Amino acid sequence: MNYQDILNEIYQTIEPILKEGKVADYIPALAQVNPNQFAMSITLFDGSSYHIGCSDENFSIQSISKVFTFTKALSIYSKELYARVGKEPSGNPFNSLVQLEYELGIPRNPFINAGAIVITDTLLNKYKTVDETYNEISNFIKEISDNVDISFDKNVWFSEYKHGHRNMALANLMKSFNNLDNDVEEVVKTYFKHCSITMSTKELSRAMLFLANNGIDPITNKRFITSSQAKRINAVMLTCGHYDASGDFAYHVGLPGKSGVGGGIVAIVPKVMSLAVFSPRLNNWGNSLAGTKALEMFTTKTNLSIF
Ligand code: DON
């Protein structure tokens, strides 16, 4: 299979729709990005990689960071984690409050905002401070991506902190149900900090490779999690990775994937490769519009969907 030809074909078809959709503006700093960008990267088990578009451009990974924090927390706490966060799709938008109230402060899954905030709280329990917890998360990303050059965007961090009323509400609601151990401010500050990490599609597709290979990085042969944990993370990505559009993503793309409001999406082809796409304009569910389309074209052209 000539992956470079396939990426070139996808780019040509995608170009006319790069003006469709809207950039996230509820975090004002995110609205300042060039909205018409597109990048796509593939990394294979032998380390070879293929790219198209601005694949070296760093962007705000936002909710993609939830895959890293969930992985880290699962490797520390194992099944104990599920006493505080579920593993079922929510069928609701990523920042919804309603379900959390009637389900007594236990978020449906680790990828909606409430669930990711609880996961951050569990990491804060172990690492104590905002900075130390952030350092451990970024060290983990450095390890899995074999890249020491991982950092966050201060501007985006402060912008989200200043405008993060909904996340504050989610955190306060969970605190009232005794499902947050640490100070609300500290937890959301840490959460916003890992959401504001910046990476390129080249780096993201490399970082996710261990999830395609039962928890072992196929290039360095390092194991990061058990194969059972890798199976679970992929399952939660498939069923919850795109919030109330997870069914739509499974239907059209057919891969475990995770989106972020910065316009990035990562996807896993088990036993074969990991992929990342970036295009900042979003569809109505808050997921990259052109990115989703590009991944759909990829699995259609290659027959590499899991179904
Ligand atoms: O908490 C938020 O709203 C953002 N930091 C992350 C949301 C997000 O990326 C949703 N994904 N599509």
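This is a predicted model: local features need pLDDT of at least 70, side-chain atom pairs count only at pLDDT 80 or more; totals for chains, interfaces and linings use all residues.
Residues are numbered from 1 along each chain as its sequence is written. Local features need pLDDT of at least 70, side-chain atom pairs count only at pLDDT 80 or more, and totals for chains, interfaces and linings use all residues.

Buried residues of helix 11 include I233, V236, M237 and L238 (buried: under 20% relative accessible area, 1.4 Å probe, protein chains only). The buried residues of helix 11 pack against helix 2, helix 10, helix 12, strand 6 and strand 7 (contact: heavy atoms within 4.5 Å).

The whole structure holds 2 cavities of 30 Å³ or more. A cavity is a set of points on a 1 Å grid over the protein atoms alone where a 1.4 Å probe fits but cannot get out; lining residues have an atom within 4 Å of a point. The largest cavity has a volume of about 100 Å³. Its lining has 15 residues, with S96, Q99, L100, I112 and A114 nearest the centre. Helix 3 and helix 4 each supply at least two lining residues.

The second largest cavity holds about 40 Å³ of space. Y26, K66, E160 and Y191 are among its lining residues. Domain 1 (3-62 + 199-302) and domain 2 (63-195) both contribute to this lining, so the second largest cavity lies between them. The domain bounds come from an automatic or database domain assignment.

Conventions. Side-chain values use heavy atoms; hydrogens and water are left out. Buried means under 20% relative accessible area, exposed over 50%, partly exposed in between (1.4 Å probe, protein chains only). Helices (H or I, at least four residues) and strands (E, at least two) are DSSP runs, numbered from the N terminus. On a 1 Å grid over the protein atoms alone, a cavity is a set of points where a 1.4 Å probe fits but cannot get out, and a pocket is an open set with protein on both sides within 12 Å along at least five of seven lines; lining residues have an atom within 4 Å of a point. Grid points are joined across faces, edges and corners, and a volume is the space filled by probe spheres set on the points.
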